[in-house]
Amino acid sequence: MSTPSIATKVLNHPVLGDVQGVLLEDGKIDQFRGIPYAAISARWTDPVIQEGKLSTDLFDATQFGPACPQGAGAQRADVNFVGDIPVVERNIEENENNCLNLVITRPSQLPPDTKLPVMVCNAWPQYDLVKFVRHSLDHGNPIIGVSINYRVGIFGFLASAQAGLRGNYGLKDQACAFRWIQQNIGEFGGDPGSITAFGESAGGIVPMVQHWSATLDEDFLPGLRAADLTITNTWCKSILTGDMAHDGTILRSRYLDRMDAKEVTIAACNDILGSDLTQKVRTAYLLDTDKAATGMLLLASELRFYAPVLAAGKGFGLPHDVKVRQYHMDQVSSPVPGFIPGKILTSRAPQTNPLPGGLRGFASHALDIAYLLGNFEPWLAREDVELGKRFAEAVLEFAYDGKRDNDDVIAVGPEHKLQILSAEQYDAKYRDGRGKLLAEIGWKKCLTLGERLQGFPYPEFADILKVEHPVRGDDTRSWGPPYAPRLDGADSAIPAGESAYYLSVNRNKKSLALSFKEKQGADILRELAKKVDVVVENYLPGSLKKYGLDYETLRKLNPKLIYASITGYGQFGPYSDRAGYDVMVEAEMGLMHITGPRDGPPVKVGCAVTDLTTGMYATTSILASLLERNRSNLGQHLDICLSDCQVATLSNMAQSVLITKERDSGRWGTAHPSVVPYRAFKSSDGDILFGGGNDRLFAILAKGLGRPEWAADDRFATNSARVKHRDVLEKWIEDVTRTKTTQEWLDIFDGTGLPYAKVNDLMDTTQHRHVRARNMIVEIDHPSCGPMELINSPVKYSRSQPTIRSAPPLLGQHTDEVLREELGLNDADIASLRQGGVVR
């Protein structure tokens, strides 16, 4: 039996070469299949964008390309979320080396200069766009449709530091695909400046939020670069994203089928949200009633799907100029008697699945895409087909001109209705106001809670908002040189670049550039204070009272607030009104007096040690206060000052004075006042430090120096004798050490058990093989300065590990994000604040 011939179409692309596609829908639609947009060199490697001609001859784009591996039958199973319906048989070869391909579907016979809006479907290629593009043509709003293949499952998202896997390969594939589309879609008749991303399930979520991969081992996060942790959409002018009520049925096995699901839910809420918000969740989701099973289904669905859609509608995680259109399909349902999660019957006329199969009449995970693309019309009733067409027309209207407000929502169903509502109207009418509660919880906590309920060990990190002056920013931004030069010409308070000082202490923070001298700015900070756990400030005592930002004012707004005041000399005492800097406190509080060479002047420590130790004391006191708050349910004011912390770190030196009631013995350089030998000695090319802390170690030192008889000399046999004869012994030791290089001495004492060390400069320290082996230097990608190395967190945990998740922020980098996500301000509100100089 011969294979039916297929009409073909050849496109002469100036970059890709001649590309042969197929003609469909009676010649009205062209489709170009299996076009490679990227290649991978091996499994779990980053994609490399395809450039230049696809073939030296004619490229055959009449056949669908290989699918990305994800397990036997998995793609067909995904379609079966809709129903037990036949799928068009295609090349379903799974080939991970050639699976990064896409399909372009467009109206035929386009004039040469046509620039149509482009809609990119992030779902499986089984969701063919032919009917959708044909409907766009018939409706008078023609589009170019693109569907992409990208790696999924372990091939796309596995990460492991031990295996050297950085993860997020599937997201990088998508970013690569969108870049390819921007570069090449013009000659297909598409407008590269008008790209709308849409998709079903994960395909609809990933273009809009930042992700990181699941981890295979606990040593995952320290090995990641910031570029691997977060991938932010910069490719689309608009995003269509939506959800369906009761879509949580797909979460059965991880959550809803558990016998202790209710207890797990309440415990997770208390842990992540606190008691007040937990009580609101219990009420809104009926957790304390006989409808708790329905409530948990709602909660699972809305955390997983509704909350991300609402967050995208508020611009969370997206560039400012990306338009977002929401849709929601009403599938409101209630459990049948003898509730089995996943088998949901409706309590009113909803938009349930009309397709044949096990999900007919129930909530269906993929019903939205089935209606939108029109691929299953033979199995739909007339009213279902008409609803799908109205849905598509509303989507096309948005993609075509994007003139509707961001808050507009396409409400699909119930009773085969389609309405255009505001997000607030939809939430009140169909979700009983639960979206408002999710916004109060905050999008990140919604994500964390959703992951926790599904059993994922989702990493929880504190959001640190750095409030800076909107013009000059943090003072340390100007504490240079050196500066890391800007590569992108970004507008900044310091055109020279980012100072090394600023970069050293500001990773994992968000910059909110705001003037609280303006009433609106102070109002914003008070609103934020209602939501945060901790406020840290370093103004002179009483300075913030006139702005209404002092502890007494803020604790009335948030009784659980931990308020840490860090000053030079504290909130009370004779010096409390003095400004305090590290070097002044080092001098005033004794550290400088005991630092420096024995016969030389006092000197400051090489780094701002008082600032750093005060920061560590502040951290431990804040953590202790948070633990205490778990018992008292109250916050408190922490009075932390450099002078107190400096006195505390004098440790045994100050304690000796308190014991003897005598003045200290002054400066000892690198030596120890009570232990000899315990200092640095000159070698022929540098310095080496020996620690002969007891008689046994001194004997090892003497032997290594070639003077074993010293260990038996009465002047040196005991530590007290060595202290008494310090001057003689230390001179004799240095006379010997000057005869060899530092490396020669290191080789001699290697493995002897003697404490010793080369005195390294900072270049040697940062390149030290032990420092590198301990992952103390990591590379990050700075948004303006490009790749750079920073010092990592020093503590290694057995089960988790803090790491540098984000580069030190640009001035005001997160202003819009914070105002939108935390306070619900819209673009017009933010523009007004910026115009008034309140924010940057």
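**A tour of the β23-β24-β25 sheet and its surroundings**

In this predicted model, begin with the open sheet built from three strands, which are arranged in the order β23-β24-β25 with parallel pairing. Select residues 534-537 for β23 and 636-641 for β25: these are the edge strands, and each of them pairs on one side only. On average, neighbouring strands of the sheet are turned by 15 degrees against each other, direction ignored.

To locate a pairing, select Val536 and then Ala564, its bridge partner in β24.

Now display the helices. Selecting residues 609-632 shows helix α20, which packs on the sheet and touches β23, β24 and β25. The direction of α20 makes about 165 degrees with that of β25. Then select residues 642-649 for helix α21, which lies across β24 and β25. Relative to β25, helix α21 runs at about 65 degrees.

The last stop is Gly580, found in the loop between β24 and α19 (582-588). Is Gly580 buried, partly exposed or exposed? Its relative accessibility is 23%, so Gly580 counts as partly exposed; the buried class would require a value under 20%.

Which residues does Gly580 touch, when those up to four places away in sequence are not counted? Select Gly568, Tyr569 and Leu642 to see these contacts. Finally, draw a distance between the C-alpha atoms of Gly580 and Cys641: the separation is 8.8 Å, although the two residues are 61 residues apart along the chain. Cys641 falls at the end of the range given for β25 (636-641).

Conventions
Residues numbered from 1 in each chain as written. Predicted model: local features only at pLDDT ≥ 70, side-chain atom pairs only at ≥ 80, totals over all residues. Heavy atoms only, no water. Pairing = 2+ DSSP bridges. Helix = DSSP H or I, 4+ residues; strand = E, 2+ residues; numbered from the N terminus. Axes fitted to C-alpha atoms, helices over the stretch in contact; angles between N-to-C directions. Contact = heavy atoms within 4.5 Å. Buried < 20%, exposed > 50% of the residue type's maximum accessible area, 1.4 Å probe, protein only.
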